[in-house]
Amino acid sequence: MRVVGQEEYGVRAGELARAYEGVLFEDVHREVLPHLPPPGARVLDVGAGSGRDAAALAGRGYRVVAVEPTDALRDLGRELHPESGVQWVEAALPEVGGVSGVFDLVLLSAVWMHLDEGERRTGMARLRELVAEPGGKVVITLRHGPPPEGRRMFDVPADETIALAQEHGLALVQRSGNPDRMSRPLVHWDALVFEVAG
């Protein structure tokens, strides 16, 4: 399934990539850094965009697979981070097709808000299949605030996401609220870290 409204990401890929790359991984994910696995672990970045996070994780010594459904963003990611060693895959939530194996960390940064309720349920089941046991983690950031005009977005409550993750055997280990790192008015974020329940 390709997300409705994804065409805009292709048309505006250059502009979006500049915005994404203008913010450091360490700033966007500051609260998540203590939960990163040891170097050498397998990491899956779902909805990788321009590759900012995927390249930063590869630079920290992880084996990274970056999933991005938009051709133009995937191409820009390869161009912007040619030495990163990131493996790029054309796929999208909720199915994340073409990805096999399990990962020590699955990252969804600014992605979950594009899925409707049914897609979120399917997507969470798929994420659970992709995360390693024991100790595998899933990080989901949730955008709150008015969506940009013309984009398909849902203001997904953190409590809904936490409950859905728990139904699929993922326990919440950290929740933090964050301001928007791009200084957009009325926009703020939740960062949720889940671990495979023991």
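Among contacts in the chain, meaning heavy atoms within 4.5 Å, between residues at least 6 apart in sequence, 67% join residues at least 24 apart. This is a predicted model, in which local features need pLDDT of at least 70, side-chain atom pairs count only at pLDDT 80 or more, and totals for chains, interfaces and linings use all residues. Residues are numbered from 1 along each chain as its sequence is written, and side-chain values use heavy atoms, with hydrogens and water left out.

First, the layout. The chain has seven helices and seven strands; these are DSSP runs, H or I of at least four residues for helices and E of at least two for strands, numbered from the N terminus. Their order from the N terminus is α-α-α-β-α-β-α-β-β-α-β-α-β-β.

The seven strands form an open sheet with mixed pairing, in the order E3-E2-E1-E4-E5-E7-E6. Two strands count as paired if DSSP finds at least two bridges between them. Strands E3 (87-89) and E6 (170-179) stand at the edges with a single partner strand each, so one side of each has no neighbour in the sheet. From one strand to the next, the twist averages 15 degrees. E5 and E7 are antiparallel and pair over eight bridges; Thr141 has Ala191 in E7 as its bridge partner. Helix H7 packs on the sheet, where it touches E5, E6 and E7, and its direction makes about 10 degrees with that of E7. For these angles, axes are lines fitted to C-alpha atoms, for helices over the stretch in contact, and values run from 0 to 180 degrees between N-to-C directions.

Now the inside. Of the 198 residues in the chain, 54% are buried, that is, under 20% relative accessible area with a 1.4 Å probe, protein chains only. A nonpolar core is a set of buried Ala, Val, Leu, Ile, Met, Phe, Trp, Tyr and Cys residues joined through side-chain atoms within 4.5 Å.

Which residues touch the most other members of the largest core? They are Val106, Leu108 and Trp112, out of 31 residues. Elements giving two or more residues to this core include E1 (42-46), E4 (105-108) and H6 (117-130). The largest share, four residues, comes from H7. Beyond its neighbours within four places in sequence, Trp112 contacts, among others, Leu93, Met124, Ile140 and Leu164. Another core, of 20 residues, lies apart and includes Val32, Leu36, Ala66 and Leu107.

Last, helix H5 (residues 71-80). Its Leu73, Arg74, Leu76 and Gly77 are buried. Seen down the axis of H5, the buried residues fall within an arc of 165 degrees, so they line one face of the helix; the arc is that of the directions from the helix axis to the C-beta atoms.

Notes. Buried < 20%, exposed > 50% of the residue type's maximum accessible area, 1.4 Å probe, protein only.
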